[in-house]
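Q: I'd like a close look at one part of this model, taken slowly. Could you walk me through how a pair of helices meets, and then move on to a sheet?

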Amino acid sequence: MGKILAVMSAALLCALVFLASFSSAASQGQRSQYVNVGISYGSAAVSSCMVAAEDGLMLVQAVPGGMEEVLRLPECKQLTVKTENRNIVAIDSLGAVVYEAFDLGTCIASLSAGEGGAVKFNGKPFRGALRFSPLGNGAMNVVNYIEMDDYLCGVIGAEMGHASPIEALKAQAVAARSFALCNLGKHKEEGFDFCTGVHCQVYEGQAGEHDRTTQAVDETAGLVLTYGGKPAAGYFFKNSGGHTQSGEEVWGGDAPWLVGVKDEYSPDCEWSYSMTFQEIRSKLEAAGYKVGKVQSVSIVGRSASGAAARLEIKGASGTATLAGENVRAVFGSGNVKSMMFYLGGSENTQTSGALPNPALSDGKSAVFPKGSDDVYVIGADMAAEKKKLSELYAFDSGLSFKLAGSKQAEPQKLESVSKEPVVFNGSGYGHGVGMPQDSAVAMAEQGFTYEEILKYYFKNIKIQ
């Protein structure tokens, strides 16, 4: 059979057809939505791989909304797919070339793909089909061409865990479907829609499926978030630390449903991360910032929710200012787990003798003396530092803050550390925008439905 798609990839065709038909889907019947997931690409691209299915294999052509059969191979349980002279060929167990006319839409699937059968790539099962595209270096990308909800079945458990309450899993399914719909073609330069990691959504193929996560996908089939009649991206993350973040403040742009909300259901998620000045300098240089020997690290702005918005690092030969999520990108998102943090360090000097006008604290509240504006603040290391009461900020367990002694405007610098180590003390985990998964679980455990969970964290949306 001749090539059906010679120029445009199946991924882009699917995206265009779906977006064109979204508004009329209710009257015409919903066409199956297929997506392309890169499972081996870039530095992980392969020159040869094993493709197998217990019930036999077939070659199919990816077309908008499905697959068309090209060649049935019922006796062929296993094929070696490899690159030869910048072409892709399929070879059977006897060494015979079975097919060599692969184009951008030609895929290999299980004979039972229509009934949910999986095809294995190097031993790992995937529903749908496998597509291959040659690279100039003799390797090839491997892409899973799969129906949207089958894809989500391999996402939900990896992102939330199948043991979560069913209403939380259903909220995750709707959010993940909405995110996928609004981010089709996120990896179009590589020739597919999504990767399998946190850059898009964690995807584990059929191996990541579970009856409970499949139930969540099935019971919300086709449902997405909408705002103003259009699909709305359902961003999610692990833990809010007490307050979610505005999408505009974190990434910019205009997404009115992604506003920061005080999170009444957030479980505790406290963390601490320490770095020396040299470690900070090394991470900055790796990211392209040249400041020389680090002299101080300061928070110079906070968002309305209390999250650190800008971090200033002064060095002997320059100053770097990191805004929003760029802080986590430079220092590591697994190290600085969220932007809900304050700075600590060893810059305070130990003071001996009686302290005038002490601030007494039981760890939850503080009593400030009347009279002088001067107070001494005692840190966790028992070092004391003289401060002006009118310049102090008090943080509660959710890291929201306010002036302790006056109603003055927020100062330009909220915290600064000039001696190492620099300690990031924070709560929460993730970018902070959208639905916190830990809170979704907590709400579901308290009896909230998935609709109530989603409408708590996404404002003025509809579920359609």
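At what angle do the axes of helix H5 and helix H11 cross, and within what distance do they come?

A: Keep in mind that this is a predicted model. Helix H5 covers residues 166-182 and helix H11 covers residues 450-457; their axes come within 8 Å and cross at roughly 55 degrees. H5 and H11 are therefore oblique to each other, and their crossing is right-handed. On the H5 side, the contact is made by Glu 167, Ala 168, Lys 170, Ala 171, Val 174 and Ala 175, while H11 brings Tyr 450, Ile 453 and Leu 454. Sort the residues of that contact by type and you get seven nonpolar, two charged and no polar.

Now for the sheet. Here four strands form an open sheet in the order E19-E18-E17-E27, with antiparallel pairing. Strand E19 (318-323) and strand E27 (415-417) sit at the edges with a single partner strand each, so one side of each has no neighbour in the sheet. On average, neighbouring strands of this sheet are turned by 15 degrees against each other, ignoring direction. Look at strand E17 (residues 294-302) and strand E18 (residues 308-315): they pair in the antiparallel sense over seven bridges. Val 294 stands opposite Gly 315 in E18. This sheet has a helix packed on it too: H8 (residues 277-286) touches E17, E18, E19 and E27, and the direction of H8 makes about 70 degrees with that of E17.

Conventions. Residues numbered from 1 in each chain as written. Predicted model: local features only at pLDDT ≥ 70, side-chain atom pairs only at ≥ 80, totals over all residues. Heavy atoms only, no water. Axes fitted to C-alpha atoms, helices over the stretch in contact; angles between N-to-C directions. Helix = DSSP H or I, 4+ residues; strand = E, 2+ residues; numbered from the N terminus. Parallel < 35°, antiparallel > 145°, perpendicular 65-115°, else oblique. Left-handed = near helix turned anticlockwise from the far one by under 90°. Contact = heavy atoms within 4.5 Å. Nonpolar A, V, L, I, M, F, W, Y, C, P; charged D, E, K, R; others polar. Pairing = 2+ DSSP bridges.
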